[in-house]
Amino acid sequence: MNDYRTPNFSAGPATLPTAVLQKAQQEMLNWQNKGVSVMEISHRSSDYIAVAEQAEQDLRDLMEIPDNYKVLFLQGGATLQFSAIPLNLLQGTADYLDTGAWSSKAFKEAQRYEKLGLGKINLVSSSENNGYTSVSDISTWNLSENADYFHYCANETVHGVQIFDVPNLENDTPIIADMSSCILSQKIDVSKFGMIYAGAQKNIGPAGLVIVIIREDLLGKASEWCPNLLKYQTQAQANSMSNTPATYSWYLSGLVFAWLKEQGGLDAIAKQNHYKAKLLYNTIDNSSLYSNCVDARYRSIMNVPFFLNNDKDLSSAVNQEFLRQADKEGLLFLKGHRMLGGMRASIYNAVEVEWVEKLVEFMQDFEKTKA
Ligand code: PMP
């Protein structure tokens with residue numbers, strides 16, 4: 001563990017690998033011996049294009065992205081994709097699964113385009129009535145025939161609900177997944193998806209970038225109302241440079257991809273991620289103070305919400321004391337999302353194993369003081 005790096009459990013923007021920050025620091029003033037920073041050069045220069053292409057190639061290698069998929073490096077965060085998806089792909093009916101805060105937002109945003117007359121937005125199932133602690137069985141979903149696409153969120157960052165298996169729709173409806181908080185955490189089969197998207201500020205790099213991985217046959221279907229900059233086809237043709245991209249975020253994401261390769265790729269990082277998650281869930285399950293109510297089959301390996309004495313109120317004495325002591329121990333950003341209350345530890349790729357070990361030790365010690 002690096003002495004001067006404080007364990008950081010922020011949900012996003014989240015901690016970045018120390019080695020990546022050090023490299024960026026080294027290169028800040030004098031990138032490639034040019035006497036300039038990479039953020040001070042044109043995105044159209046051959047030097048920058050080499051950076052952009054290398055980042056894409058490394059991502060393709062890590063995720064084994066098939067050749068018939070485009071990889072786009074766009075702006076507007078994952079949230080703008082909630083609009084871009086219907087604007088690009090809605091013609092008849094689109095199916096949405098609601099399993100938490102983020103898929104719910106995506107669904108609500110898509111409904112605006114239904115009002116605009118682009119098509120119908122169909123909710124296949126919602127777990128709101130069980131407090132977003134589980135996912136209903138696929139046999140109960142109200143799936144449309146011939147949907148333009150099926151949208152779900154693979155990892156609900158607020159509720160800590162992760163869908164590990166790609167839903168088997170038993171037809172060829174393109175599956176679109178919001179992977180903002182689980183991309184690159186373990187191997188997935190990209191060929192099962194029509195499109196994957198992810199805001200960068202968790203497992204990819206700094207904020208300011210959203211990555212879209214889209215199968216080529218889904219390009220060119222955009223509504224006439226779709227702003228040019230949001231058209232996947234336009235961006236694919238322009239190599240994500242229809243306008244000035246987020247060059248520094250793109251560069252830094254490239255450093256993260258190179259770092260991930262050095263760690264041994266996604267299988268190696270997945271092993272570590274499962275180990276970290278197990279440490280935390282075991283600590284919670286073996287305690288009478290802490291609880292996590294997510295169905296064990298869907299417990300996220302990236303975001304672990306938990307409550308003390310089932311108390312969600314962040315201003316309560318026990319929660320305040322936990323946060324104060326954690327802060328004193330140098331365990332940062334454990335406060336839960338305002339929507340859910342309680343605590344949340346986000347344990348993305350760059351969260352070191354030692355940090356999680358320190359956290360569980362702290363949690364056990366804290367519990368003893370409450371016995
Ligand atoms: N989807 C998920 C799963 C998220 O966690 C977030 C951000 N926390 C978003 C979408 C929205 O991302 P952005 O802030 O980049 O728009």
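Asp148 is in contact (heavy atoms within 4.5 Å) with Leu89, Leu90, Gln91, Gly92, Thr93 and Pro174, leaving aside its neighbours within four places in sequence. The model is a predicted one, in which local features need pLDDT of at least 70 and side-chain atom pairs count only at pLDDT 80 or more, whereas totals for chains, interfaces and linings use all residues. Residues are numbered from 1 along each chain as its sequence is written, and side-chain values use heavy atoms, with hydrogens and water left out.

Asp148 is located in the loop between β3 and β4 (149-153); strands are DSSP runs of E of at least two residues and helices runs of H or I of at least four, both numbered from the N terminus. Although buried, Asp148 has no salt bridge, and Lys221, the nearest side chain of opposite charge, is 7.1 Å away. Here, buried denotes under 20% relative accessible area, exposed over 50%, and partly exposed the range in between (1.4 Å probe, protein chains only). A salt bridge requires a side-chain nitrogen of Lys or Arg within 4 Å of a carboxyl oxygen of Asp or Glu; Lys and Arg count as positive and Asp and Glu as negative, while His and the chain ends are not counted. A polar atom of the Asp148 side chain lies 2.6 Å from the backbone nitrogen of Gly92.

Strand β3 (residues 120-126) contains Asn122, which is buried, with a relative accessible area of 9%. Beyond four places in sequence, Asn122 touches Thr93, Ala94, Asp95, Tyr96, Asn142, Leu143 and Ser144.

Asn203 counts as buried because its relative accessibility is 3%. Its side chain has a polar atom 3.0 Å from the backbone oxygen of Ile183 and one 2.9 Å from the backbone nitrogen of Asn349. Both Ile183 and Asn349 are among the residues that Asn203 touches, as are Cys182, Leu184, Ser185, Val256, Met302 and Tyr348. Between Asn203 and Ala14, 189 residues apart in sequence, the C-alpha to C-alpha distance is 8.0 Å.

At the surface, Met28, Leu29 and Met39 form a nonpolar patch with about 310 Å² of accessible area together. Patches comprise residues with over 30% relative accessible area and no salt bridge, like charges being joined within 9 Å and nonpolar side chains (Val, Leu, Ile, Met, Phe, Trp, Tyr) within 5 Å. Leu29 lies in the loop between α1 (18-27) and α2 (46-63), and counts as exposed because its relative accessibility is 71%.

Conventions: A polar contact is a pair of N or O atoms within 3.5 Å; within protein, one must be able to donate a hydrogen and the other to accept it, and residues adjacent in sequence count only if both atoms are side-chain atoms. Accessible areas come from the Shrake-Rupley method with a 1.4 Å probe; for residues, only the protein chains shown count as cover.
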